[in-house]
Every structure is written in C-alpha cells, then in structure tokens.
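Here are my notes on the model you sent over.

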There are 2 protein chains.
Amino acid sequence: MNSTASPVSATGLPWAMQCTAFDAPQADTLRVQSEVLVVVSGQGRIEAVIARDDPRWETERARHAAAGQLRALPAGSYLLPGLVDVHVHAPQWPQMGKALDVPLEDWLQQNTFPLEARYGDAAFAESVYRPLVQQLLANGTTTAMYFGTLHEVGNRVLAEQCLRQGQRALVGRVAMDEPGQCPAFYRDASARQAVAETEAFIDAVAQLPGNSGGLVLPVITPRFIPSCTDELLAGLGALAQRTGAHVQTHCSESDWAHQHVLERTGTTDAHALHRFGLLTRRTVVAHANFLTHADVALMAEVGASVAHCPLSNFYFANSVFPARSGHAQQMGMGMGSDISGGYSPSMFDACRHAITASYALDEGVDPDLPSAQRGRHNARIDHVFALWLATAAGGKALDLPIGRIEAGQHFDAIVVDCHAPDSNVCIWPDSDSPADVLQKIIYNATRANVSQTWVQGALVHCRGTA
Amino acid sequence: MNSTASPVSATGLPWAMQCTAFDAPQADTLRVQSEVLVVVSGQGRIEAVIARDDPRWETERARHAAAGQLRALPAGSYLLPGLVDVHVHAPQWPQMGKALDVPLEDWLQQNTFPLEARYGDAAFAESVYRPLVQQLLANGTTTAMYFGTLHEVGNRVLAEQCLRQGQRALVGRVAMDEPGQCPAFYRDASARQAVAETEAFIDAVAQLPGNSGGLVLPVITPRFIPSCTDELLAGLGALAQRTGAHVQTHCSESDWAHQHVLERTGTTDAHALHRFGLLTRRTVVAHANFLTHADVALMAEVGASVAHCPLSNFYFANSVFPARSGHAQQMGMGMGSDISGGYSPSMFDACRHAITASYALDEGVDPDLPSAQRGRHNARIDHVFALWLATAAGGKALDLPIGRIEAGQHFDAIVVDCHAPDSNVCIWPDSDSPADVLQKIIYNATRANVSQTWVQGALVHCRGTA
C-alpha cells in the first residue's frame, strides 16, 4: 500500500461494493451472494448486504453511484471474508521455509531462540515486522494473532506496524521463565517481572496513538506450560481473569509436550491451563492434537478455541489434529499458519493442508497395514469447512465480529481475481457453477490472486502497488 | 510466450548464461554451482558448466559477451533444472480443483469420463490444450508425460500444442476396452482397434512437422488393468516390446484397484503388467502405493519407475506412497501432479506435498494411537529429495538427458526470481546461505517466481509476456 493510504475510511462516508460474495458462515455451509450490494458505513462496518432481487438494490446502487461511493468488481473477481490467521510467530519471519530438515531441538536452540532474542533492537524489529505485516496483507490475512517476543520494544514495533499498515491484530508479549527449558540468553528473569511486563504491555497497546478503535489488541502469552513456572502461569491466569484480555499459548502439541505436562502437573495441558485461570472465552490454544475427550468437553464448556495449524503439525506434532471430531463436540477453532513452524504465509495454503491432513487422518497413511486398521473414519473436512476455519471460525474464536459478509460485521474482506496474470485458478464459465468457482479458488488461489485487501472498510493492500 | 518465439535457438549459435545454479543430481545431494557459466550449444545442449575459479571462466564469458551471446541473471534469480511432471491427465484440465468433495465413483462417472469423451472435437481440444501447455510452462514444467484420451484428433492437437509452444512432452493415446469398467460412451470398441490406433499414433507423432528432434514422444497408455481386457494388455505389451516406446499406466493405486487386480489376475499389478510385456525400462506406473516388496524388486530389476503423485494420493489412494523405502530398494521414480486427481499444476506444490506425505507416513496421523503404533519410521524425505524427484529422477525415469545442470544434458531449465512482485520467498542475505535460499525456494516458490522457462535451449515462457 502506498504511504498515503489510510487505515480508516478517508471520507467517513458510507459506500457500497457491487459484487458476488462467497463466505462460509457455518462449518459446512457455503453461502453465495450473487451480484449483491454490500453497504459499508464510514466506520467500516457492513450495514447491509442487499440482494439483487431486493427493490432497494437499484435505488441504493444509484444513490451510491451518484455520490461517487460505488465500487463494482469486474468479472472474474469475487469478494471473500478477510483471512484470519490465529497463530503466527512474528519474530520467526526471517526463517520462514528454512531449517525444517533439522531436529526440533536444533530448530529451537540453534535457530529459533537466537533469532527471537534479537528483538530488543528496534531497528531490527522494524526491518522484520514491516515486511511481515505487508506480506501477510498481500496474502489476504486481514487479522493475525501474533506471538511476539519477550521485548517491550519489539512488541511495540509490531503493534505499531499493524496500526500503520491497517492490519487487525492481536499481539502477545511472550512469557517464559523456566530455566530448565529456556536458554539463559532468552528467558524472563522472574515470574513477577514477566507478569508485570505483560500487564504494562496490555496498557501500552490500548494507549498506542491511532488505536482508539481497538484495531490492535494485547494477548497474554505464556509460551507453553513446559517453558513457564507455576508461579508465572498463576500470575498470568490472574491477569487474564482481571483484565479479560485474550490469552494464547501452545497446548498438547506433541507426544513430548503432552507427556511432559502430564508428568509435571498430574493432568493434561487443557485442565492445567484451566486450573491456572488461563482457559477463557478469549483463549486460543495452538495445535491441541492430543486433547482428550474430557479436554475437548472442557474447552467447549469454557468457550476456548484451538488454533488448528495443519501444516506445522505434519512437521512437529507427531499427528493430525482431529478437526472434524472437535467440531462435532462443539469446540471452537480457527486456523493458524504457525509461521515459521509452518513454512507458508498463505491461509489458502493452510486451507489446503487442513483438507489434506483430514484425509490422511481419515484414510490412514501406511499401505502395509490392512485397510480396516489404517484410518479413523469420519475425519474428513472439505474446502467449505476449510474456508470457514480460515474466516468465520477464526472470528468466533477471537470473539470479534469478523469472518462473514453480512450486516453487523466489520468490512474485513479480500478480492480474489481469478484472471490475475499469475493465476492458477482456471475457470470455465460454460461448466463451472459459482460453487465450483469457490472450490477452485480454495484449491488454487495464491497471493497472486489477492488483488485487494480491506480491513474495517479501508483498502490496506492493492496488488501491484505494494 | 509471444508467437514470434521459436522453440529452438533462433541463431543456432552457442550462448552462455552466467548464474548461480541449484540442482539435485542424486536423491540426497544438493549441488550449488555459484556464479558459473553455463555454455549452451545451438542445439540446446549444455556443453559445459564452467566454475567461477576456472581460468576459462573469464575468457569464455568475454567471448560470449563480445558475440552478444551472454545472459547474466540478476541478483535474487537462480537457475534450476526444468520441472518434470511424469503424470498429467491433459483432458482433465478444465476440472482442476473441482469435484474433489464427491465420491470417487461420481468423480469418474459423472465428471471425468463425460469430460474426457469430448476430445473428438478438435476445437474443444485446442481450447483446453493450448492454455494447459501455456500454464504448465508458466509453472516451470519443461517436460510433461501426458495421458490424452481415446481420440486421435485430440491427442494430435495436444502433441501439436507441445511442439508449437516448445514443451518437451510424452503423449499417450489412452486405451480402455473393458465393458464392465468403462462407460459405453467412452471406451474402445475392441482390443484390436485400440492397439491399431495406438500404433498409428506412435507413427503419427514421429512424423509431426517440427518433431524431427523428438521433442514430443508417444506413449503406450493402457488406463489401468481394471479398464482393459487381457487381449488389450497383451496387444499393447507386444507393441511396447516391438517399438521400444514409453509405457504409462496406473498401478496398485488404491485398496480397491490393488484387490481387484489380485482377484482378476491372481497376482499384483506390477507382476501382471510384467507378464503382459508392459513393464520396461521406459515404463512409468502412477501411484504404486500398494507395491509389495517383490513388486519393488521387480520394478528395480526391469528399470521401470513410479510416478509419485503425493497430492492426489491423499484424495484417492487410501495411503501414502513410501518413496524413501522404494528408493532404498533402487526403484526408479519421478514426480506427478496427477492433474486433476491432484488439484495443483505446480511441481513446487508437488514437492511440498511429497515432503508432507512422507512426514505423515513417518510419524503417523492418529493422536489416539500410542506413539509406537502410529508411524513407520525412516520414511521421511526432505526438500532436496523432493527437488530430485521433480527433476533428475524424472529425467532418469523417462530415460531422457534432462533434470540436471551439467554438460551433456538438454538445457531444460527455469529461472526462479525471489524478488518477483508476488513472491513469498523471503530471503535474508545476512543470514541465509545458498542452501537456505534453495530450501526457501522449494518451500514457497509459486508460479509468480518462475520468471523464465527454457526447453532445449529455447526460451519458451517469460513471466509477464504470456
């Protein structure tokens, strides 16, 4: 986006977009709104979605056109909800797509922690976080829930970049103080200090210039139970209860983590987090592959959600997260890229990996096993479920009015151009229904197809002008 | 490519490219040739790759520069071998990324067969095959092994499009005559006719105008054992033995197919194909997930290869192909997109799915199983193995001198531009080694990064001019 663009509507006037919109308001429901008029308030909320056969369509269209406040999408372009990425490690951006062939211990100790330790330097932080936010917007990610680092300065730079570039964001000050798990060069000096700095960050985010509308929110962020002392977890839990702020952490990701927490706390991650006060309606736990049936029930009861990170799970979680069964038990969930445990910044890639992972879980993988012993049936999800995960489900997980194209929601949206120069989305108008078009978008859209990215009614990325 | 471009060197003069080249000559060997001079003959062969510290580097560079025959890649651009896709269903291009949520039987009978039946119409065939070849070249696929249809006219159009646009290709006339498996509207009238038409197609391809260099080769193509009578399989096998032409088919893809062939023939697909004369040094069998240990040994002995199609396997093969163990047993293999059983035309996507699939096989997928019962260890491959699969391994499978950047090979290559406008390949020059750059390319390159595609020394696609 060029520097003159504003993250809020320059005029403050209502405007309208004439378009065909796709969204997935429920897990298995594709909604096609053909040639509707999406009316957006000067504050960036969707005021109405007027159907083509509604008598108001003509009058509202004419009124906005006369006022110079009408945008019409060209043929081959479609409106989708903005993509919601509920698990991103912002400081890991420079190593995205790298060091994925080394053991986890080396990945953490040799690569990840030394990199994360650098964000006390504001200039370095800005050199990473500016392109990070730019490129996620270019990929259509309108909302990101970020793990930052332990550094006040780096986290502030990240929050400022989101505000400046107009990305809706939740930014977490990472807390980790367990000497047995965290390196000396990158850990909190004490639980007390980590809690105090987290509380200060919550206040600082609210007071950032330009954040009166709450575009950027703070997140209480214990890295995961193994890297935090009980004192730290209890302190952060009390803070969550007192402030109502969002919470994020990792949970039951791998065999090792699951077992480690069982041995240390005598219970599962989810139940331990609950005991510490860290499981709330605004909690998002990443991965959660090894949740027990009772864990899922607890999560559903509390209203906490899982960040499903299908790509990084293949690499680091020893298994596939059973999204279909978790949903059947009413547990909330959203989708995470898990940069850089996941190598791709594209939530379209995350959609595709979520489908693939669910098929692997459903069918099993080892051809040497008899078919009956191979899979775990009824585990599949399809492209509509994946779209829901990456949009409306994420909005619900974050307790924000985003992810659907309907009145009352923020106008956080993307325009997907199937005719873009480098498009692999190949539409055959004679044989593709609107539902087919959407399926082809989910399966083949890339950053090259994202021609516009909108957050709260403001155009924050336009392809070719970044 | 604009219409004035020629698929062979316009001048017939040797020329040189100054570049950093990546390739994977062996399964686990990454070769980085930094700032080398790749000297290409007028016939499109690599004559020499001259290292930067070789005394000839300066003189050869100066000589080519003086003759106006030097190209130097800019910073951030790298030379890779052209991508080799050994399994593409050309007629399924219009349904790529569609109907993947329906049962296999519907996918075949309601979608795929009716679509394939349309290619007796030359105009329709051209309307599909022209963009198909264009878009595969734009994605960096310099060689494709295609399943066509039963139609002489459609297959000829496909071969002509490959010649016209300069893609190296192997084109197969599909044969299928088993009434119990093939619909009445789309099957061969008799085994005899199918064999005769296959033979005629082999002759016709050799005689196509512009094909004296053999850029396009014919392939004997029984669809798979279930859709062919014994008479047809025997006839095609005899043809393969007599002509030495390439052979392609599907083999032991799914539980159903594997079991069906066992029951019908009393043996496995691989052994049955061998008995019919269809397993040769130039045979590529797609999928092959359910090969037995003895099948793999037979394949290795004969020199036949597998088209590993990791993406479509998730959807249709009930399991993951164990690439690592097949390679350990010396069996040849290449990589296939399997359009449209696979939804992506990008061989970079295929690389990523091959890695993901191997991790799923290695770790297992079901978190409800104990760790020890979940996976099948030593199954992982990494990004170097994946690059090898998509390049040098494919060249070896096809018995063609392609897939490596070294003297004696055809100059079939792509230029990957990490600085392309829509690039998700994010390089940090201070911290990324050349090997890191290659890893980031394999994990995040898309069509948008493929700035040039070269086949046999001719520039056949240039980004932004398609």
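1. One cut-off before the details: a residue is called buried when its relative accessible area is under 20%. By that rule Ala99(A), with a relative accessible area of 7%, is buried. Keep in mind that this is a predicted model.

2. Staying with Ala99(A), have a look at its backbone. Its phi is near 60°, a positive value in a residue other than glycine. Most residues other than glycine have a negative phi, which makes this spot worth a look. You'll find Ala99(A) in the loop between strand E6 (83-89) and helix H2 (104-116) of chain A.

3. Ser252(B) is not a glycine, yet its phi is positive, about 45°. Where does Ser252(B) lie? Ser252(B) is in the loop between strand E10 (246-251) and helix H7 (255-265) of chain B. Is Ser252(B) buried or exposed? Its relative accessibility is 1%, so Ser252(B) counts as buried.

4. Next, the peptide bonds. Most peptide bonds are trans. In chain A, though, a cis bond joins Ile339(A) and Ser340(A), with omega about -5°. In chain B the bond from Ile339(B) to Ser340(B) is cis, with omega near 0°. Ser340(A) sits in the loop between strand E13 (332-335) and helix H12 (347-363) of chain A. For Ser340(B), the place is the loop between strand E13 (332-335) and helix H12 (347-363) of chain B.

5. Now to the place where the chains meet. How many residues of chain A are in contact with chain B? The count is 62 residues of chain A, in contact with 62 residues of chain B. About 5300 Å² of area is buried between chain A and chain B, and carbon and sulfur atoms give 51% of that. Twelve salt bridges are found across this interface.

6. On to the cavities. Searching the whole structure turns up seven of 30 Å³ or more. The largest cavity holds about 180 Å³ of space. It is lined by 24 residues, and the closest to its centre are Arg352(A), Thr446(A), Asp349(B), Arg352(B) and Thr446(B). Which helices contribute to the lining? H12 and helix H16 (434-444) of chain A, along with H12 and helix H16 (434-444) of chain B, each supply at least two residues. By class, the lining of this largest cavity has five nonpolar, twelve polar and seven charged residues.

7. Salt bridges over all chains come to 56 in the whole structure. A local example is Arg63(A) with Glu60(A), whose closest N and O atoms are 3.2 Å apart. Both residues lie in helix H1 (residues 56-66) of chain A, three residues apart, about one turn of the helix. Glu60(A) counts as buried because its relative accessible area is 19%, and the cut-off is under 20%.

8. Compare that with Arg223(A) and Glu116(A), a salt bridge with the closest N and O atoms 2.9 Å apart. This pair links distant parts of the chain, 107 residues apart: Arg223(A) is in the loop between strand E9 (216-222) and helix H6 (230-243) of chain A, and Glu116(A) is in helix H2 of chain A. Both ends are buried, Arg223(A) with a relative accessible area of 6% and Glu116(A) with 0%.

9. In chain B, check Asp412(B) and Arg168(B), whose side chains meet in a salt bridge at 2.7 Å, N to O. Here the partners are 244 residues apart: Asp412(B) lies in the loop between helix H15 (392-397) and strand E14 (413-417) of chain B, while Arg168(B) is in strand E8 (residues 168-175) of chain B. Asp412(B) is buried, with a relative accessible area of 3%, and Arg168(B) counts as buried at 4%.

10. Last one, back in chain A. Asp23(A), Arg31(A), Arg404(A) and Glu406(A) are linked in a network of salt bridges.

Technical notes:
Residues numbered from 1 in each chain as written. Chains lettered and ligands numbered in written order. Predicted model: local features only at pLDDT ≥ 70, side-chain atom pairs only at ≥ 80, totals over all residues. Heavy atoms only, no water. Helix = DSSP H or I, 4+ residues; strand = E, 2+ residues; numbered from the N terminus. Buried < 20%, exposed > 50% of the residue type's maximum accessible area, 1.4 Å probe, protein only. 1 Å grid on protein atoms, 1.4 Å probe; cavity = no way out; pocket = protein on both sides within 12 Å on 5 of 7 lines; lining within 4 Å. Points joined across faces, edges and corners; volume = space filled by probe spheres on them. Nonpolar A, V, L, I, M, F, W, Y, C, P; charged D, E, K, R; others polar. Contact = heavy atoms within 4.5 Å. Buried area = accessible area lost by both parts, 1.4 Å probe. Salt bridge = Lys/Arg side-chain N within 4 Å of Asp/Glu carboxyl O.
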